[in-house]
Amino acid sequence: MSHTTKIHLPTPLRAYAGSQAVVEVEGATVGEALTALVERHGELKRHLYDEHGRLRRYVNVYLNDQDVRHLEREATPIAPSDTLSIVPSIAGGATRPAPPAWSTGADGLPPLSQDELLRYGRHLILPEVGLDGQRRLKAASVLVVGAGGLGSPLALYLAAAGVGRIGIVDFDRVDASNLQRQILYDSDSVGHSKLEAARARLVGLNPGVRVDPHETRLTSENALDLLAPYDVVVDGTDNFPTRYLVNDACVLLGKPNVYGSIFRFEGQASVFDARVGPCYRCLYPDPPPPGLVPSCAEGGVLGVLPGLIGTIQAIETLKLLLGIGESLVGRLVLFDALTLSFRELALKKDPDCPLCGVRPTITRLVDYEAFCGLTPVASTGVEPGGWEIGARELGERLARGDDVAIIDVREPHEWQIAHLPGATLIPLNTLPARLAELDTSREIVLHCHHGQRSMRALEFLRQSGFRKLKNLKGGIDAWSKDVDPSVPRY
Ligand code: ZN
């Protein structure tokens, strides 16, 4: 019985069949189908048949995956679901099929080399990535803001994954205290520019990626220009002004902002994209008052924690670039290392958000130091200069025998590492309860590790009526550097 059959034509023959790759014909046998084909496309006849009406010897006809010469040749019956393929022998260049787009880039995505096929083999065999996904990663660009604890695993994994262009914003030098968690750097990098060390490491890992170093502080003046050329921005910052700046710039530019933050044993991650979900200001409209949330430099951080949160940021970034999976848009992941538990909170877009809400009041970048209350005059009225004493000056006064009470507001485990002679330990959070131990008539010098916690202690004592107060500028660290190197630094 006759029915419709698909015949697949090889590239060289398609020109004689109206450029079609597949032609549908009627026929109950292979011979009938081929006859129907050459009746419809007469040009094909001389290519398929010789002058005696026999199939040319270099034309092979397959029924499904079987050569019909091993079946009943042209008398082979065709079942309704069968397909025919005409496969000519290929003699050389002229009839070689065009190379695939992944090797030439003819479709607009960058091509992959043989080395890249081997390097990304484990990606290529994932159907969710594959050749096209890997080429999309190669075409993509990501800006990493901050090359610290979060930026380290993030940049390493993005480079390893083959993200074509990785921009990094940072202006610091590598410090020995960074090596506990910032795995981009090694001991030889201490004292050197972070960006130079990072670029060398990333290009060493994957010479195929381009690393753009932006050795500058991200500011309201340069943020839009710096962020604009990148597909995705990843926030690896450690302070509130930069966090709000990154968020606001991303919303104004319409870019996704992959967020992560860490403190002590806890971390958070989300994806902010105001086009489809909330922004950071929907979650935290106002920054906490200065001093309420200590920085990692003050409060400490488990070194491996940024490894986990930064890696979550890398995963979310790759998913955004590949367009796969379910992103963290609208969800906040909370991680606690001490209990090894993840929690997830739903985040909603705030219609009253001053930035991405219905009636936005923020339409350009602002002064983020002032917004976060970090301009001292604006926040407390305390001019730090007038309340500070340098380590050398304090050393000279103690050597003269001046009557000064030294109050150390750090934690007991910090006191164990190092403390000043004659100092009294009153940790900051116990200060209100131990006010009675202090003598308002004596001069008091407050100190901590670097001078931030003791500045808060000073503000508290001032409000409690104390006046003869000084804050040791730079904390016990400055004392070790400038007065007594035998006091251990940490
Ligand atoms: Zn918002």
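This is a chat about a predicted model of one protein chain.

Student: Before we start, what kind of model is this, and how are residues numbered?
Tutor: This is a predicted model, where local features need pLDDT of at least 70 and side-chain atom pairs count only at pLDDT 80 or more, while totals for chains, interfaces and linings use all residues. Residues are numbered from 1 along each chain as its sequence is written.

Student: Thanks! How many helices and strands does the chain have?
Tutor: There are 21 helices and 18 strands. Both are DSSP runs numbered from the N terminus: helices are H or I with at least four residues, strands are E with at least two.

Student: Is the chain spread out or compact?
Tutor: Spread out: the radius of gyration is 35 Å, well over the 23 Å that the globule rule gives for 490 residues, so the chain is more spread out than a compact globule. The radius is taken over C-alpha atoms, and the rule is 2.2 Å times the number of residues to the power 0.38. Along the principal axes, the C-alpha atoms fill a box of roughly 120 × 50 × 40 Å.

Student: What share of the residues is buried?
Tutor: Buried residues are 35% of the 490. A residue is buried if 20 or more other C-beta atoms lie within 10 Å of its own, exposed if 12 or fewer, and partly exposed in between, with C-beta atoms placed from the backbone.

Student: Switching to sheets, what is the strand order in the parallel one?
Tutor: That open sheet of five strands runs β14-β18-β17-β15-β16. Strands pair if DSSP finds at least two bridges between them. The edges are β14 (388-389) and β16 (424-425), each pairing on one side only.

Student: How many bridges join β14 to β18, and what stands opposite isoleucine 389?
Tutor: Two bridges join β14 to β18 (residues 469-472), and leucine 472 in β18 stands opposite isoleucine 389.

Student: And the mixed sheet, what's its order?
Tutor: Its five strands go β2-β1-β5-β3-β4, and this sheet is open too. Here β2 (22-27) and β4 (66-67) are the edge strands. Inside it, β3 (residues 59-63) and β5 (residues 83-88) are antiparallel over five bridges, with valine 59 opposite proline 88.

Student: Which strands does α2 lie across?
Tutor: Helix α2 (residues 30-40) lies across β1 (3-8), β2, β3 and β5, and runs at about 120° to β2. Axes are lines fitted to C-alpha atoms, for helices over the stretch in contact, and angles run from 0 to 180 degrees between N-to-C directions. Contact means that C-beta atoms, placed from the backbone, lie within 7 Å.

Student: Now helix against helix: at what angle do α8 and α14 cross?
Tutor: Roughly 40°, with the axes of α8 (residues 151-161) and α14 (residues 305-322) coming within 7 Å. Residues that meet include Leu154 and Tyr157 in α8, and Ala314 and Leu318 in α14. By class, this contact has seven nonpolar, seven polar and no charged residues. Ala, Val, Leu, Ile, Met, Phe, Trp, Tyr, Cys and Pro count as nonpolar, Asp, Glu, Lys and Arg as charged, and the others, Gly among them, as polar.

Student: Last one: what is the phi of serine 19?
Tutor: Positive, about 65°, although serine 19 is not a glycine. Most residues other than glycine have a negative phi. Serine 19 sits in the loop between α1 (11-14) and β2.

Student: Is serine 19 buried or exposed?
Tutor: Exposed, because serine 19 has 8 C-beta neighbours inside 10 Å. Leucine 340 also has a positive phi, about 45°, and lies in the loop between β12 (331-336) and β13 (341-346).

Technical notes: Two residues are in contact if their C-beta atoms, placed from the backbone, lie within 7 Å.
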